[in-house]
Amino acid sequence: MPGENPPEPRPVDHRRPYLMLPPPIRAAAAWSAAVVLLITVASLVVFALVELRAATVPVIVALLGTSLLYPVMPWMVRRGFSRSVAAGLTCAVLVTAVGAVIALLVNSLVHSAPQIAAALQEAGDRLAEWLGPFGEKLRHVLDNAQGETDQLVSTLTNGVLSGLGLATQIATGGVLALALVFFFLRDGHRTGEVIRSYLPARSAETVVLCAERAFDAMAGFMRGTTLIALIDALFITVGLLVLGVPGAPGLGALVFMGAYIPFVGAFLSGAVAVLVALADGGLGTALWALGIVVAVQAIEGNILQPVIQSRTVELHPGTIMVAVVAGAGIAGIIGALLAVPICAAGLGVVSVLRGATGRGHRGDRNGGPAVAGPPAGPTAGPTVGPVAEGRQE
């Protein structure tokens, strides 16, 4: 209509679409994208590690063995040995010790497995009589365990001759892990130099600190767990021998191996010992065996771990349980064995990346218990491990 003012044009919003959303929604979307990206990358890494387990497992095993043995290197070098000779002698001692332990464990299991399997079947029969339908289900589980035990014995006795595929894989992985242990022991002190030669100064120091903290965590786990496993196996074996439980050496071997799988391994090996005692000596002997197992586990949890286990392994029990279950689901028994040291190393790296190095704890150069140290940095004191030694040199 003439004389009327034309309508004013609406203002155009030139903002980007995501700026039109409320700030809480934008923050939630950003965090969701970051979590999805992190899970995707982690899944791809885990998938690659599992697919390449023929190489990755020996590397991880070699790192764990190196973290256990590395304190020997400075001691031998100070006494005039070259690094090559010191690494060679350390590997020779390692092969001898591991061979002796494996021979002892296999011999104990082979000779004790028939007794343990028969005792488990008898324990299943008794429980079926006492517990009714639930006992029948439990007996079925124990009968399956007997079949798996017989299969294990057959594998141990005939696997060298007939199972060439598995034997070849184990032998190849063992040789590769041993060779890597030698090279890590001999050349590990150069790790810091190599990192600094490829990265800028500030980034290199962060990576070196991450490597030190991860190495400390693995070293603390391996030394503490090995010593605790020996003590647990010794006391439980002696207790079962006093009670006259058949297959006590084999049960002690199971306890030793189970100690490397926190919580789950101790529970399963202890349950087998109690069931064997139930089948052989009745309810009274089973209760005594249960008391021995519970007492040893209580001493381990309240005395041995706080005293022996390095404080570099500061994992919550819930985290350990989840790690063991996740590792078993991803890579079976190997994953369950390696889950905790890998998580401990990862936690050490995260603490460095979060800037928590000043609140961390450091092990001494002789591999002793960790003590509180000053804030990490260029002037921080040495930590145990090849990276720290290379920085001193």
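This is a predicted model: local features need pLDDT of at least 70, side-chain atom pairs count only at pLDDT 80 or more; totals for chains, interfaces and linings use all residues.
1. Overall composition. The protein chain contains 12 helices and 2 strands. Along the sequence the elements are arranged as α-α-α-α-α-α-α-α-α-α-α-β-β-α.

2. Burial and contact range. The protein chain has 393 residues, of which 36% count as buried. Among contacts in the chain with a separation of 6 or more, 70% are accounted for by residues 24 or more positions apart.

3. Geometry of α7 and α8. Helix α7 covers residues 191–198 and helix α8 covers residues 201–243. Their axes come within 8 Å and cross at roughly 150 degrees. Angles over 145 degrees count as roughly antiparallel, and α7 and α8 are therefore roughly antiparallel to each other. The handedness of the crossing is right-handed.

4. Residues at the α7 and α8 contact. On the α7 side, the contact is made by Gly192, Ile195 and Arg196. On the α8 side, Ala204, Glu205, Val207 and Val208 take part. Sorted by class, the contact comprises 4 nonpolar, 1 polar and 2 charged residues.

5. A salt bridge between contact residues. Glutamate 205 and arginine 196 are joined through their side chains in a salt bridge, at 2.9 Å from N to O. Both residues also belong to the contact between the helices, Arg196 from α7 and Glu205 from α8. Glutamate 205 has a relative accessible area of 25% and is partly exposed. Arginine 196, with 27%, is likewise partly exposed. These two values fall in the class between the limits of 20% for buried and 50% for exposed.

6. The salt-bridge network. The structure holds 3 salt bridges in total. Apart from the pair described above, Arg186, Asp187 and Arg190 are linked in a network of salt bridges. Aspartate 187 pairs with arginine 186, where the closest N and O atoms are 3.0 Å apart. Aspartate 187 also pairs with arginine 190, with the closest N and O atoms 3.9 Å apart. The cut-off for a salt bridge is 4 Å, and the value of 3.9 Å for arginine 190 and aspartate 187 is within it.

7. Serine 269. This residue lies in helix α10, which covers residues 264–308. Its relative accessibility is 6%, and serine 269 therefore counts as buried, the limit for that class being under 20%. When its neighbours within four places in sequence are left aside, serine 269 is in contact with Leu254 and Val255. Serine 269 is also 16 residues from alanine 253 in sequence, and the C-alpha atoms of the two are 9.2 Å apart in space.

Terms used:
Residues are numbered from 1 along each chain as its sequence is written. Side-chain values use heavy atoms; hydrogens and water are left out. Axes are lines fitted to C-alpha atoms, for helices over the stretch in contact, and angles run from 0 to 180 degrees between N-to-C directions. Helices (H or I, at least four residues) and strands (E, at least two) are DSSP runs, numbered from the N terminus. Angles under 35 degrees count as roughly parallel, over 145 as roughly antiparallel, 65 to 115 as roughly perpendicular and the rest as oblique. A crossing is left-handed if the near helix is turned anticlockwise from the far one by less than a right angle, and right-handed if clockwise. Contact means heavy atoms within 4.5 Å. Ala, Val, Leu, Ile, Met, Phe, Trp, Tyr, Cys and Pro count as nonpolar, Asp, Glu, Lys and Arg as charged, and the others, Gly among them, as polar. Buried means under 20% relative accessible area, exposed over 50%, partly exposed in between (1.4 Å probe, protein chains only).
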